[in-house]
Amino acid sequence: VSFYHMDEYMNPKDPTRLIHARHPGSFKTYWRKCVEEQLKKHDKRLLAQFNRRRHWPNPDLESPQTFSIAIAGVGREGHLAFNERGTKFNQGTWIAELSRSTQEANNPRGVPFGEMPPTHAVTIGLKEIGTAKILVVAAKGASKKAAVLRAIFGKITKDCPASLAQLMAAQEGKKVMFFVCPEIYSAIYKKAKARRAKAGKS
């Protein structure tokens, strides 16, 4: 089993270079704090296996042709990973420009980037996410509710990259799952119920 991280920020001062691995806002730092430090306490052997088989996205290197499972977060504007609105579904791994909304969401009250949050990030593209046999989309909080509803019930469009979920769900042999908070789940349930009622009347 190999693991591919979906994203990493570019340097806020120089978007052509990756952010320093020890920067408190980097995903590498997040990995160390949330995964490595916990595994060190319980299973150093498993940690060693993880580290041998994990990879970071690199626009200069080819990603594997297919993924077994893709786990991606959805943004307030419907982005998937860091594939912002307008990203084509055939886009491969690339350095994406982050919207103002994404910059603010990932730097609340100036933490951890201060007054200069990253404007770009390298991210696994929608083309590669779409190869997965299973797509898991995660969302939490009221600010993500509209985006999730668009992803599930709206039009399939590059204006809502998360609508890739509908394309994948329609393909034989693929599964799509949404892991959401109770508030978003309630909104999905109500929307689905209203659609079933409308379909029953027509």
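**Notebook: salt bridges**

I began with Lys 145, which is partly exposed, with a relative accessible area of 28%; here buried means under 20% relative accessible area, exposed over 50%, and partly exposed in between, with a 1.4 Å probe and protein chains only. I note that this is a predicted model, in which local features need pLDDT of at least 70 and side-chain atom pairs count only at pLDDT 80 or more, while totals for chains, interfaces and linings use all residues. Residues are numbered from 1 along each chain as its sequence is written, and side-chain values use heavy atoms, with hydrogens and water left out.

I then looked up the salt bridges (a side-chain nitrogen of Lys or Arg within 4 Å of a carboxyl oxygen of Asp or Glu), and the structure holds three.

In one of them, Lys 145 meets Glu 183, at 3.9 Å from N to O. Glu 183 belongs to helix α7 (residues 182-201) and Lys 145 to helix α5 (residues 145-153), so the pair ties together parts that are 38 residues apart in sequence. I took helices (H or I, at least four residues) and strands (E, at least two) as DSSP runs, numbered from the N terminus. Glu 183 is partly exposed, at 41% relative accessibility.

Next I checked Lys 28 and Glu 8, whose closest N and O atoms are 3.6 Å apart in their salt bridge. This pair links distant parts of the chain, 20 residues apart, with Lys 28 in helix α1 (residues 27-42) and Glu 8 in strand β2 (residues 7-11). Both Lys 28 and Glu 8 are buried.

Lastly, I found Arg 54 and Glu 36 joined by a salt bridge of 3.1 Å, N to O. Arg 54 and Glu 36 are both buried.
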